[in-house]
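Dear colleague,

Please find below the structure that I am handing over to you. My notes on what was found in it follow directly after.

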Amino acid sequence: MSVQIAPSILSADFARLADEAKTLEGTADWLHVDVMDYHFVPNLTLGAPVVESLRKATSLPLDCHLMIDDPDRWAVSYVEAGAANVTFHAEAARDVVATARAIRAAGARAGLALKPATAFDDYREVLPEFDMLLVMTVEPGFGGQAFMAEMMPKVAQARRFLRDSDAQLWIQVDGGVAADTIEICARAGADVFVAGSAVFGAHDPARAVTALRERAQTAIPSGAS
Ligand code: DX5
Ligand code: ZN
């Protein structure tokens, strides 16, 4: 398991996205791009044209988190816009396997996101079709919400499943991940950490990424692979 940090631009200055991304090059592993449509979540952010512009503006790989209805229809357009990973919500998709296959066939990694109320068990069979599982640690829709520690058993369940299977999956957590919560996520088995306000709300975002990474690395159980 190696720690990866994915700062979420939801907490960045949307008028200066290129500059905000650049400050994290060489420090962050991904740029997490939250796509919201006013339907799946009660908030609206950005779509594929902005992803396309970000792709040209930064060398950071883009991790698109689709919080939209009908991802079956739209997911591939985010790959075409330049996303290296496209994650969509299980609750919103009609056919999670077909959508994962379409994302991979278009050339990106595929991620499956679970809202807090969605059980891991309902999706374990489809996980071989994915490269990443996103366990939401807040209700999707807004940055700056309180971390839901009660999601840690779901993370641990996913990690146990991986140890007993051949699936090669990253386990991402998103929502309320900060200096005081990243360690319990790492201990539970997460290895990709999204952080919005904890990075872009910091005086020095690049330093905040480094500090988060160090905390997660020291918390990962020894011998974890
Ligand atoms: C919430 C988004 C998150 C959000 C996290 O629906 O998916 O990526 O930006 O923000 P923080 O880290 O502030 O909770
Ligand atoms: Zn997100």
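Asp70 lies in the loop between β3 and α3, where helices (H or I, at least four residues) and strands (E, at least two) are DSSP runs numbered from the N terminus. The phi of Asp70 is near 55°, a positive value in a residue other than glycine. With a relative accessible area of 22%, Asp70 is partly exposed; buried means under 20% relative accessible area, exposed over 50%, and partly exposed in between (1.4 Å probe, protein chains only). Tyr38, in the loop between β2 and α2, also has a positive phi, of about 70°, although it is not a glycine. Tyr38 is exposed, its relative accessible area being 53%. Most residues other than glycine have a negative phi.

This is a predicted model, in which local features need pLDDT of at least 70 and side-chain atom pairs count only at pLDDT 80 or more, while totals for chains, interfaces and linings use all residues. Residues are numbered from 1 along each chain as its sequence is written, chains are lettered from A and ligands numbered from 1 in the order in which they are written, and side-chain values use heavy atoms, with hydrogens and water left out.

As to the fold, eight strands form an open sheet with parallel pairing, in the order β1-β8-β7-β6-β5-β4-β3-β2; two strands pair if DSSP finds at least two bridges between them. β1 (4-7) and β2 (31-36) are the edge strands, each pairing on one side only. On average, neighbouring strands of this sheet are turned by 25° against each other, direction ignored. Axes are lines fitted to C-alpha atoms, for helices over the stretch in contact, and angles run from 0 to 180 degrees between N-to-C directions. Helix α2 (residues 48-57) packs on the sheet and touches β2 and β3 (62-67), its direction making about 165° with that of β3; contact means heavy atoms within 4.5 Å. Helix α3 (residues 71-80) lies across β2, β3 and β4 (85-89) and runs at about 165° to β4. Within the sheet, β5 (residues 109-114) and β6 (residues 132-136) run parallel and are joined by four bridges, and Ala113 has Leu134 as its bridge partner in β6.

His32 lies in strand β2 and Asp174 in strand β7 (residues 170-174), so the pair ties together parts that are 142 residues apart in sequence. His32 is buried at 0% relative accessibility, and Asp174 is buried at 8%.

A search of the whole structure finds three aromatic pairs; rings of Phe, Tyr and Trp (its six-membered ring) pair if their centres lie within 6.5 Å, and planes under 30 degrees apart count as stacked, over 60 as edge-to-face and the rest as tilted. One of them joins Trp30 and Trp170, with ring centres 6.0 Å apart and planes at 75°, so the pair is edge-to-face.

Yours sincerely
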